[in-house]
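Subject: Structure handover

Hello,

Here is the structure you asked about. My notes on what was found in it follow below.

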Amino acid sequence: RNNLIFSLGIDILFGAIFTMWFCSENASWIVADRVYSVARSTIGSLTDLLTWFEDAPGGLKLNRDLSHFLKEFFLYLIAIWNGYLRDVVRPCLPYVIYFVGLCGMMGLSVVVALAGDLLSVMTLHVYCFYVFAARIYCLQIYALGS
């Protein structure tokens, strides 16, 4: 019981220290700009990778029509995600990050949990890519089995 109280106290203490540092330095705007620049570079890298996959990646000969369709589809998803980042996430992100920093008064573990949730929301498009690609893979396996 004493160990639990001690752990909670340390968690709240470190959370309060983090909140004081984070809010005094106006770090939410800096972090939001860095997150947005990383997202923009990721979009550029994904676009380049999809263009490379449409050709003969690593010397593999792929179905040209299927690879073109997949490239166009994923580029469309990336364009939607880019618009979402630019129009919805970018204006709100500094305030959301500031709120996450203020939640440090409830403990540093709350900040870590909220940051993980924020990362999950910001990488939702990657999960959508995965689900679509896995569904195509299952359909190909089913077609080969017929």
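In which helix is the place of Lys-71? Lys-71 lies in helix α3. Before the rest, a word on the source. This is a predicted model, in which local features need pLDDT of at least 70 and side-chain atom pairs count only at pLDDT 80 or more, while totals for chains, interfaces and linings use all residues. Residues are numbered from 1 along each chain as its sequence is written, and side-chain values use heavy atoms, with hydrogens and water left out.

Overall fold

The protein has 5 helices and 0 strands, and along the sequence the pattern reads α-α-α-α-α. Helices (H or I, at least four residues) and strands (E, at least two) are DSSP runs, numbered from the N terminus.

The radius of gyration of the protein is 21 Å, whereas a compact globule of 146 residues would have one near 15 Å. That radius is taken over C-alpha atoms, and the globule rule is 2.2 Å times the number of residues to the power 0.38. Along the principal axes, the C-alpha atoms fill a box of roughly 65 × 35 × 25 Å.

Of the 146 residues, 25% count as buried. Buried means under 20% relative accessible area, exposed means over 50%, and partly exposed is in between (1.4 Å probe, protein chains only).

Taking contacts between residues at least 6 apart in sequence, 79% join residues at least 24 apart; contact here means heavy atoms within 4.5 Å.

Charges

There are 9 positive and 10 negative side chains, and the centres of the two sets lie 3 Å apart. Lys and Arg count as positive and Asp and Glu as negative; His and the chain ends are not counted. The place of a charge is taken as NZ of Lys, CZ of Arg, CG of Asp or CD of Glu.

The core

The largest nonpolar core holds 18 residues, and Leu-85 and Leu-93 touch the most other members. The elements giving two or more residues to this core are α2 (27–54), α3 (64–102) and α5 (124–145). Helix α3 supplies the largest share, 8 residues. A nonpolar core is a set of buried Ala, Val, Leu, Ile, Met, Phe, Trp, Tyr and Cys residues joined through side-chain atoms within 4.5 Å.

Leaving aside neighbours within four places in sequence, Leu-93 is in contact with Ala-32, Val-35, Leu-118 and Met-122.

Individual residues

Back to Lys-71: its relative accessibility is 13%, so Lys-71 counts as buried. Beyond its neighbours within four places in sequence, Lys-71 is in contact with Leu-50, Thr-51 and Glu-54.

Is Asp-11 buried or exposed? Asp-11 counts as buried because its relative accessible area is 19%. Asp-11 is found in helix α1 (residues 2–24). Outside the four places on either side of it in sequence, Asp-11 is in contact with Met-106, Gly-107, Leu-108 and Ser-109.

Two further residues of α3 are Leu-77 and Val-96. Leu-77 counts as partly exposed because its relative accessibility is 21%. From C-alpha to C-alpha, Leu-77 is 13 Å from Ala-133, and the two are 56 residues apart in sequence. Val-96, at 34% relative accessibility, also counts as partly exposed. Val-96 and Ala-115 are 19 residues apart in sequence, with 9.9 Å between their C-alpha atoms.

Regards
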